[in-house]
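Good morning. Please bring up the model, and then I will go through the chains, their interfaces and the space inside.

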Amino acid sequence: MTNDELLRMSGIVKEFPGVRALDGVDLDVRRGEVHCLLGQNGAGKSTLIRVLTGAHQPDSGTIVVNGHEVRLASPTAAINLGIAAIYQELDLVPDLTVAENVFLGHEPARFGFSRRHETTAKARALLTGLGHGEIPAGRAVGLLPAAGQQVVSMARALSRDAQLIVMDEPSAVLDPEEVANLFRVIRDLTSRGVAVVYISHRLEEIREIGDRVTVLKDGATVATGLDARETPTAELIRLMTGRSIEYVFPRRAEIPTTAPTVLDVQDLTRPGEFADISFAVRAGEIVGLAGLVGSGRSEILETVYGARKAATGSVTVDGVPLKPGRVQAAVRAGVGLAPEERKSQALLLDEAVYKNITVSTMQRFASGGFLRGRAEKDAAEELTKALDVRPAGVEHPVRNLSGGNQQKVVLARWLLRDCRVLLLDEPTRGVDVGARSEIYALVRKLAANGVAIVLVSSEVEEVLGLADRVVVMREGRAVHTGPAQEIDEHRVLDLVMEGSAV
Amino acid sequence: MSEDVARSEPSATPESGTASTQATTRQPGAAPGRASGVAGLLRTGMGRNLGLVVALVLLCLVGVITAGDTFATGANVLTILRLAAVIGVVSIGMTFVITGGGIDLSVGAMVALASVWATTLATQQMAADFHWILMVSTALLVGAACGLVNGLLIAYGKVVPFIATLAMLAAARGLAEIISDRKTQIITVNSFGDFFGGSFLGVPVLVWMFVIVAALGWVLLNRTTFGRRTFAVGGNAEAARLAGIKVQRHTVALYVLAGLCCGIAAVMLMARTTTGSSTHGQLYELDAIAAVVIGGTLLSGGRGTIVGTVFGVLIFTTLNNVFTLNNLSISAQSVAKGLIIVIAVLLQQRLAARATTP
Amino acid sequence: MSEDVARSEPSATPESGTASTQATTRQPGAAPGRASGVAGLLRTGMGRNLGLVVALVLLCLVGVITAGDTFATGANVLTILRLAAVIGVVSIGMTFVITGGGIDLSVGAMVALASVWATTLATQQMAADFHWILMVSTALLVGAACGLVNGLLIAYGKVVPFIATLAMLAAARGLAEIISDRKTQIITVNSFGDFFGGSFLGVPVLVWMFVIVAALGWVLLNRTTFGRRTFAVGGNAEAARLAGIKVQRHTVALYVLAGLCCGIAAVMLMARTTTGSSTHGQLYELDAIAAVVIGGTLLSGGRGTIVGTVFGVLIFTTLNNVFTLNNLSISAQSVAKGLIIVIAVLLQQRLAARATTP
Amino acid sequence: TSNTPEAEKSEPATSQAAGGAGGGNDEPGQKVKIGFSAPAADHGWMGAITKATQAEAKKYPDVELVVAEGTNDVNLQISQVETFINQKVDAIVLLPFDGAALTPVATKAMEAGIPVVNVDREFDSTFAARTTILGDNKGMGISAGTYVCQEMKGKKDAVIAEIAGIDSLPLTQARSQGFKEALADCGLKVNNRVAAEFTVESGEKAAANLLQAAPKIDAIWNHDDDQGVGVMAAIKNSGRKEFFVVGGAGSANVMRDIKAGNTLMRATVIYPSTQGADGVRLARLLVQKKALGDLVEVEVPRTVQLYAPVVTKDNVDQYLPTAFES
Ligand SMILES: Nc1ncnc2c1ncn2[C@@H]1O[C@H](COP(=O)(O)OP(=O)(O)OP(=O)(O)O)[C@@H](O)[C@H]1O
Ligand SMILES: Nc1ncnc2c1ncn2[C@@H]1O[C@H](COP(=O)(O)OP(=O)(O)OP(=O)(O)O)[C@@H](O)[C@H]1O
Ligand SMILES: [Mg+2]
Ligand SMILES: [Mg+2]
C-alpha cells in the first residue's frame, strides 16, 4: 500500500518560545482517504496543520509527499505541492468579495489584469457545487454570517487543484444540514482520489466520514491508523484525555413552579432577520433555540442584549422593560451574552487570559478604581482549572491559546459574572469532549442557582440535552415551542427543514 | 461591478475606538441587485461617494455665490486643478500604501529630495546635453529608491511604518539640504519647462499627468491582481500570506509605488516652480493622508478608493481657492477649515449610510 | 507585574502590512516565573524596554565621548530633562489615546490655544488680582474642553480620529491666532514664573511635573479599571462593548485626558518661555506620536506603555542635546536622526525578542 | 536708499489726514484691489508682516486688500497668485516662501498686466516684479557682527555664539554669512551656532541646548526677536550673565528691554516688519500711476532696499514707534 501513501510526516517538533506545541508527531495519509485527527484542545492539531501548509516551520522532523522529502518553506510551497487548507480561524479578507476571497492569491488574470467575470463565474460554480449557489459572489465576505464564511473557505480550498485538503474543524459553525452537505462534498473529493485530513471534536462525525484516525495528545501521536468506524468511543476518549469521561448530559433539576419569569421577550422583530419572536425564561430554566444557520438565532440574542436595536417588540427582565438598542441597559439588568464569534466579538487577543475573564466583572476586583490583581487572578485561575484551559496559568496572552481553549476563556468570563440572564451563543464551539461535559455541568449548575439561560447551538443534541424548553426556528420565525423532553432530534430536524423543501 | 458593490458600505466607519460597534449592525441586506453597466457603476459609485460629491458641490455653490464671476471661470477651474495635481499624485501613492495597511510620512521629504537631486548642476548639465528626460528619470529613480528603503525597512526590518517613514522624512530632507546646500536650485533646461509648463487640448500638462496617474491608479487598484493583493494585505495580512501572497514583497512594492508617485510629483513641482528645493513638499504627508482618509480609505487598511481620494484632494484645493477668493481673515480661514472638514465628513457618513441602506 | 509580562513581546511589531505574519509566531512564553518585587519589575520592565535602555545608554556614551566635559554635567542633565518635560507630558496623554485605538493630531494646537487663552490680558489681570492658579486652571480647562470636542466628534459623531483631530488642529490654531492677534503674549504675573520657574530639592518644578504626570499616568494605565478599559477599547472595541464597557464614554474620556495633558504642557511651556503664543507647540503631534510609538505602544491600539513613552521622549531629547553639543549642522542632524531612529528601533526589537526568549 | 524711510514710514500713516509729505499721494484715488500672499504666520515676524499690511490697507479707503492664507507650500502659494490673476486684481504684493519658486507665476502675473510688488525674498528674474522691497539680510548680519566686534574691543579669544532662524531659508544663510564676514574683519569667528524656528518655543529650546554646549560665552547674536523672547527665558533659567545678546528684526518687546537696560539684551538689528505695508503703498501708487513723493523720479523705483540699523540704548527712542508688537 505504500504507493498509496500521499503524505508522511514523522517526528515533527515545533516549539514556540516556552511551549513545545508539537513533540514528535507522526502522521501518514493515503490517497482518497479521510484521515481524522483527534485530540484535546491544545493537543497541537492546528499547529500540525500549519506546519503541513508551510505556515509554520518545524524545528525538526521530515515531511514526505509522494515519496519525496520536501521542505515547506512557505504557504506557496505547500500550495504548489497540492496541499490546501481550511483553517480553524477564518482566514478571509473581510473587505474583498466572496469571489475574490475564493481565488485569493491565484485569481484568473491576464497580464496582471484580473478577469473579474471569469473569477465570479468560477466562484459561483464552486459555491453551487458546495450546495450554496445562493451566496452572492459579489458580496463582501465580511458581511456574510459565520457559516457563509466557512463555505467560502471551503470553496477556496477546492479552488486549488489539490491532492490533499486539510479541514480544521470545518463543522464547528455548521448545522446538521450543512454538515451533511459538507460530507457529500468530502465523499465526492475522496472518490476522485483526493485525500482529506479532517479535524473535529464531534466523534459522531468521525464515525460517519472518517476512514482512519490519528490521535494527538500533548503534542505527540499516541495512536495512529485506528479504524474510524470500529474503534470504540471510550477508547478514543481515553486516548485523547488519558481518562474516561462519561459523555452524557447532566440530569435536569426540577424547576419549581413558583420560579418567577426572569426574561420575557415579546413580539421581537427585526425586518430581514427575524419576526414576532416571543418566549419567556423562568429563573433556573434553560431555553434552547434550535434552527439552521441563518435562521436568525444569533440576531435574537444580540437584540435581547441590546447590541442590535429591535424594530418592534419588547424585552423585559424581572418585569422591567429594557431600553432597546442599549447594551448598557441590558448589562445593568444583569444580562450577559457570550457571543458567537470569539475572535471578533469577545476576545482581547493580546491581553492575558485573566484580563479577558474579568473584563466584565472588573468592578468586583477593584477598590476605588484600583484593581487588585491578585484577587483577579485567583478568581480566573479557579475557573480555568474547572474548564481545563491549557496551558494552565492565566497570564498567557489569549492569542497563544488554541481555538477551543479560547472558547473556554470566553465562557469563563460569563460564568464569573452573576447574571440574572445568560445568553449563550454556541458555547461549545470547538471545545473538546472533556471540557464539554464540564461546561454542561457548569451551565446546569448556574441554572440550578436561579439564572435564566438562553442557549443557541447548532448541535441539536446539545440543545435537547441541556435545555428545558426548546424554541425551533426557521427563517427568522419560531415554528415550535415546547418542553425538550417532548421532542426528539428527528422532529426538530423535520421542523427546521420543512421550509427549505418548499 | 461586483467589487464596487462589495465595498459600498458606509466607508467612513471610524476604525478606532467606537469603530466596531458598527460591525454587528452591518446590514446583511439583500445584495443591492447586481447593478450592471455604466448606470450601475454610477449608482454604486455615487452611492459610496455621495457625501463627497455633495460636499464638493456645496463648496462650489459657495464659490459661485460669493465670487461668481471669477470662481466659475475656466481659468479658475484650471487653477484649482493645477493646485490639486501635485498633491493629488502624492495622494494616489498614499492611497495604495494606506490600503495596504501602512502609512508613509516621508512623502513630502521624498518630493524635496527628488526635486533637488533632479536639479543639481550635474544632472542639469547632462540633461542639457542630452534630454530633459534625464531629469525626470532622476526624480523618479530617487523617489523609487527612497520608497524601496522604506519598504525594505518595514517589510523585512519589521520597523513599524510610522517610525520607518518618519526616519526617512528626517533623513531625506536632511540629505536634500546637504545636496542643495540649502539653496534653491533653478532649472535652466528650458525644454523641461516648455514641455511640462505647456498645455494639451487646452488642459495643462500637469493636469493631464494627474488624470493619467489617477486613472492608472484606479485600474491598478481595482482591475489587477496587484490591486486585489493590496486589499488582501491590508485587510488581513495573515490570510494573504496563507493564500500564498508574498506579503513582504508586496509591501515593498507598495512603498516603491508611493516613492515613485513622489518622484512624479517632484517633476510636477519642478515644472510649476522651475526650481528644485529642500523646502518643497512641506507637510504633504498631512495633506495627502487627510485627502485619502476623507475620501473614505480606511486608515487601518483593507479598504481604499482612488475616486474618493481624488474627491478628497479636490475638496481641499477648492476650499483653499474659495477662501482666497473671499478674503477671509487668515485665522478665520483656519477655523472655518476645521469646521468644514468635520461637516464634510459627517455629511459623507450620513449620505453614504443612507445610499447603501435599501 | 503580570501585565508587563503580557505585553512583553517585541513591541515594535509592525502593525501593518507584514504585521500579522508575526502574529502566529508570537511567544506564548511560559509566564516568566512570577517575578516578584522590585527585581521582578526590573527584570520584566528591563526586558521589554531593554532596547530603549541600550539605545539611550549608547546615546549617552556618544555624548560623553564627544562632549564629555559638558554632557555629563548635572546642569546638562537638567537641561535635557527640562526639554523633555513639556513634550513628555503631551506624550503621556497621547499614549492613552493611542492605546485606546485613536490618535490625536491636535495636541500642538491645543497647547497653543491653552497657552494663549491663559495669557490674555483679561486672564492675567484676574490672575494678578487673585492668584496664578487662575491661569493654570484656564489652560487646563481649555485643553480639556478641546479634548471633549474631539472625543464627542469621534465617539458620537463617528468621525475618524485622524480627521476629527486634524480639524481641531486647524480650528484651535486659528482660534489661538484670533485671540492673540498673532502676538506673543508675555506673562507679567511674576508669581506664576516664580513658582513654575523654581526648583524643589534641586530639581526644577517642570521636571517634577513631568515625573508626577508620568507616574500618575502609569498607575492609571496599569493599575486601575480605567486603564484596563483603555486596553480593551483599543484592543477590540466590539468585544469591549459586548463585555459591557461604555466604549463611547470611555473614548471621550481618553481625548479629554489628552486635552488635559496639553493644558498642563501649555502651563509648562508658558513657564519656560514666559509667554503664551499661537506658535507654541508646532509639530508636537509628530514628536509625541513618534515618542509613543518608539516606546512600544501599538499605533493600532490595545497595547501601550508609559515607561516606553518616557524612554522615547528621553531618547529624542538627548539626541537633540548631543547634536547641539557637537555643533552638528542642522541638515546633518536630520540625516543622523533618521539613521539613529531606525537603528534604535531595530535594536529594541532584537533585544526585546531575545530578552523574552528563555 | 537711505535710512530716512524708517522715519518716514511711521509718520504718513498717522499724518494722512494732514495730507502727508507725499504731495497728495494719500489723497483717495482710483479704486485699487490688491492681492497679498505670504508664507504661513508660524512666527511672530511673519505674523507682524501680515498684520501691518492689513492695517496699512485699511487706512486707504481706495484700497481693497485680498489676503490669501499663509502657506509654506510653494504649490499652494503659486495657486493663490493664479487665483489673484483670475480675479483680475489690480496689483499683487507677494512675499514668496521661496523667491525662485514663485518667479514663474509672478512673471505670468506681470505678463497679464498686473504689477507685482516683491517683498523680502527676492525673485530670480527682474521681469517677475515691477518693484522689489527688500530687507537687508546680509546687512543685518554685518551690522550685528560689526556691533559685536566693537563691543569685544579686540578681545581675540572671545566666544561668539549665534542662534539662527529657520536654517533652510536663504535669508538665514545670508544673515549668517554677513555675521561671519563682519566678525572675520576683527579676527573673530562663530564658535557655537544653533538654529531655531523663529518661534518663542524653538528659541528657548535652542538656547537651552546652546548654553549647555558653551560653558562660557562673550556674545550671542540671535536672528529673530520673537524667538528671542524664548532665548531670553532660557538665559534667565540658566542664571548665566557673562555675555550680552544682540537681537534681530526689532520687536517692540526687545526695544523696551534695551531701553530699560536691565537685561542682557543690549542691542538689536532692525529688519522691518513693515515691508508688506510698504508693498501695499507702492502697489497703490503703481496702479494709480503716482510717484514716490520724496523722489524727483516720476516712477516708483525698481528696488527699495531697507536699511538694517543697529538699535542700542542710545537710539532706541527713534525706532521704538515702528517696532512690531510680536
Ligand atoms: N503562536 C503560538 N504561540 C505560542 N503558543 C502557541 C501558538 N500557537 C499555538 N500555541 C500553543 O500550542 C499548543 C497547541 O495549539 P493548537 O492550536 O495546535 O491546538 P489544537 O489541537 O488545534 O486545539 P483546538 O482543538 O483547541 O483547536 C497550545 O498549547 C497552544 O497554546
Ligand atoms: N449562507 C448564507 N448566505 C447569505 N446570507 C446568509 C447565509 N446564512 C445566513 N444568512 C443571513 O444571515 C442572517 C442570520 O445569520 P446567522 O448565521 O447569524 O443566524 P443564526 O441562526 O444565528 O445562525 P448561527 O447559529 O450559525 O449563528 C440571516 O438573516 C440570513 O439572511
Ligand atoms: Mg485547533
Ligand atoms: Mg449565529
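How far apart do the closest C-alpha atoms of chain A and chain D lie? They lie 35 Å apart, and no contact joins the two chains. Before I go on, please keep in mind that this is a predicted model.

Now the chains that do touch. Five pairs of chains are in contact, and of these, chains B and C share the most contacts.

On the B and C interface, chain C puts in 61 residues and chain B puts in 62 residues. As general background, interface size is often quoted as the accessible area that is lost when the parts come together. For chain C and chain B the buried area is about 4,800 Å², with 72% of it on carbon and sulfur atoms. What about salt bridges here? The count between chain C and chain B is zero. Polar contacts do occur between chain C and chain B: four residue pairs, both residues at pLDDT 80 or more.

Which parts of chain C face chain B? The elements giving two or more residues to that side are α6 (133–155), α7 (161–180), α11, α12 (247–273), α13 (284–294) and α15 (330–356) of chain C. The biggest contributor is α15(C), with 13 residues. Sorted by class, this side of chain C has 34 nonpolar, 19 polar and eight charged residues.

Next, chain C and chain A. Here 33 residues of chain C are in contact with 43 residues of chain A. Together the two chains bury about 3,500 Å², and 54% of that is on carbon and sulfur atoms.

How many salt bridges cross the interface of chain C and chain A? There are two. In general, side chains of opposite charge can pair when their charged atoms come close. In this model, Arg303(C) forms a salt bridge with Asp350(A), and the closest N and O atoms are 3.4 Å apart. Across the interface of chain C and chain A there are also 11 residue pairs in polar contact, again with both residues at pLDDT 80 or more.

On the side of chain C that touches chain A, two or more residues come from each of α1 (2–6), α9 (205–223), α10 (225–235) and α11 (237–242) of chain C. Of these, α10(C) gives the largest share, five residues. By class, that side divides into 13 nonpolar, nine polar and 11 charged residues.

Over all chains, the whole structure has 61 of them. One pair within chain A is Asp318(A) with Arg420(A), whose closest N and O atoms are 2.9 Å apart. These two residues are 102 residues apart in the chain: Asp318(A) is in the loop between β16 (312–317) and β17 (320–321), and Arg420(A) is in the loop between α14 (403–416) and β21 (421–425).

How many cavities of 30 Å³ or more does the structure hold? It holds 17. The largest cavity contains about 150 Å³ of space. Fourteen residues line the largest cavity, and the closest to its centre are Ile79(A), Ala84(A), Ala85(A), Tyr87(A) and Leu242(B). Within chain A, α2 (75–80), β6 (83–86) and α5 (146–159) each supply at least two residues of the lining. The lining of the largest cavity has 10 nonpolar, one polar and three charged residues.

Conventions
Residues numbered from 1 in each chain as written. Chains lettered and ligands numbered in written order. Predicted model: local features only at pLDDT ≥ 70, side-chain atom pairs only at ≥ 80, totals over all residues. Heavy atoms only, no water. Contact = heavy atoms within 4.5 Å. Buried area = accessible area lost by both parts, 1.4 Å probe. Salt bridge = Lys/Arg side-chain N within 4 Å of Asp/Glu carboxyl O. Polar contact = N/O pair within 3.5 Å; in protein donor to acceptor, adjacent residues only side chain to side chain. Helix = DSSP H or I, 4+ residues; strand = E, 2+ residues; numbered from the N terminus. Nonpolar A, V, L, I, M, F, W, Y, C, P; charged D, E, K, R; others polar. 1 Å grid on protein atoms, 1.4 Å probe; cavity = no way out; pocket = protein on both sides within 12 Å on 5 of 7 lines; lining within 4 Å. Points joined across faces, edges and corners; volume = space filled by probe spheres on them.
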